[in-house]
Amino acid sequence: MNPEDRYVVIDVETAQSYDHIIEVAAVEVIGRTVSSRSFVRRIKPRSAMSPFCYAVHRISLAELEREPYFEHVVHDLIDFVGNDTIIAHNYAYEYNTLKREFERAARPAYPRERFFCTMALAKRSGLPAKLRQACAQAGIGVSHLRAEHDALNDALLAAHLFLKLGQTERP
């Protein structure tokens with residue numbers, strides 16, 4: 001990692017498994033530091049909420065009623081991400097979910113080659129696949145987090161895991 005390299009760590013929460021984003025967060029990593037810049041948006045889905053997904057994040061459809069649809073925030077997300085490498089924990093989940101939303105918004109999806117996976121990095125380092133477990137074992141604090149997931153905290157955890165484990169690897 002060069003001091004001037006920029007990466008964007010993305011996480012999403014969904015209404016359905018692998019579909020219908022209800023919250024997206026992206027945090028900026030410059031070189032070896034998580035910057036103070038972030039992008040966080042709640043999104044009104046065009047689907048029902050699965051009981052499983054609700055149990056993970058505890059964000060209800062009622063809380064999202066006044067939020068914009070994805071096609072109204074996609075331009076801001078694209079501007080924030082720019083042309084930089086996208087980091088995600090279990091990148092296949094974020095990639096496939098974003099791909100579906102970009103298609104519904106009639107926008108070209110990010111190419112798979114732009115993604116780097118911290119879950120794969122954790123596994124290669126002998127850590128568990130689950131983000132919070134991998135972070136805890138890598139010495140990254142998680143005790144301050146609520147049990148439910150949110151996109152910003154998960155993006156921040158993945159950013160810190162990337163910085164802790166990825167210093168010798170090039171995305």
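**View 1. Arg-6 sits in strand E1, and Glu-28 lies in strand E2, residues 19–30.** Helices (H or I, at least four residues) and strands (E, at least two) are DSSP runs numbered from the N terminus. This is a predicted model, in which local features need pLDDT of at least 70 and side-chain atom pairs count only at pLDDT 80 or more, whereas totals for chains, interfaces and linings use all residues. Residues are numbered from 1 along each chain as its sequence is written, and side-chain values use heavy atoms, with hydrogens and water left out. Arg-6 is buried, with a relative accessible area of 16%, and Glu-28 also counts as buried, at 6% relative accessibility; here buried means under 20% relative accessible area, exposed over 50%, and partly exposed in between, with a 1.4 Å probe and protein chains only. The side chains of Arg-6 and Glu-28 are joined by a polar contact of 2.6 Å, and the side chain of Glu-28 makes a further polar contact, of 2.7 Å, with the side chain of Ser-35. A polar contact is a pair of N or O atoms within 3.5 Å; within protein, one must be able to donate a hydrogen and the other to accept it, and residues adjacent in sequence count only if both atoms are side-chain atoms. A polar atom of the Arg-6 side chain also lies 3.0 Å from the backbone oxygen of Val-81.

**View 2. The surroundings of Arg-6 and Glu-28 are shown by their contacts.** Contact means heavy atoms within 4.5 Å. Leaving aside neighbours within four places in sequence, Arg-6 is in contact with Glu-28, Val-29, Ile-30, Arg-37, Phe-80, Val-81, Asp-84 and Thr-85. Not counting residues up to four places away in sequence, Glu-28 touches Arg-6, Tyr-7, Thr-33, Val-34, Ser-35, Arg-37 and Phe-80.

**View 3. The largest nonpolar core holds 26 residues.** A nonpolar core is a set of buried Ala, Val, Leu, Ile, Met, Phe, Trp, Tyr and Cys residues joined through side-chain atoms within 4.5 Å. Within this core, Val-9, Val-29, Leu-127 and Leu-161 touch the most other members. Strand E1 (6–16), E2, helix H5 (118–124), helix H6 (131–137) and helix H7 (151–165) each supply at least two residues of this core, and H7 provides the largest share, 9 residues. Apart from this core lies another, of 23 residues, among them Val-8, Ile-10, Phe-39 and Val-73. Leaving aside its neighbours within four places in sequence, Val-9 is in contact with Ala-25, Ala-26, Val-27, Val-29, Ile-87, Ala-155, Ala-158 and Ala-159.

**View 4. Leu-131 is placed in helix H6.** Leu-131 is buried, with a relative accessible area of 10%. Apart from neighbours within four places in sequence, Leu-131 is in contact with His-89, Asp-154, Leu-157, Ala-158 and Leu-161. The C-alpha atoms of Leu-131 and Glu-113, which are 18 residues apart along the chain, are separated by 22 Å.

**View 5. The largest pocket has a volume of about 670 Å³.** On a 1 Å grid over the protein atoms alone, a pocket is an open set of points where a 1.4 Å probe fits, with protein on both sides within 12 Å along at least five of seven lines, and lining residues have an atom within 4 Å of a point. Grid points are joined across faces, edges and corners, and the volume is the space filled by probe spheres set on the points. The pocket is lined by 21 residues, of which Val-56, Asn-90, Lys-130, His-149 and Asp-154 lie nearest its centre. E1, helix H1 (51–57), helix H4 (91–104) and H6 each supply at least two residues of the lining, which divides into 8 nonpolar, 7 polar and 6 charged residues. In this division, Ala, Val, Leu, Ile, Met, Phe, Trp, Tyr, Cys and Pro count as nonpolar, Asp, Glu, Lys and Arg as charged, and the others, Gly among them, as polar.

**View 6. Tyr-93 is found in helix H4.** At 17% relative accessibility, Tyr-93 counts as buried. The side chain of Tyr-93 reaches the backbone nitrogen of Tyr-18 at 3.5 Å, and, not counting residues up to four places away in sequence, Tyr-93 touches Val-12, Thr-14, Gln-16, Ser-17 and Tyr-18.
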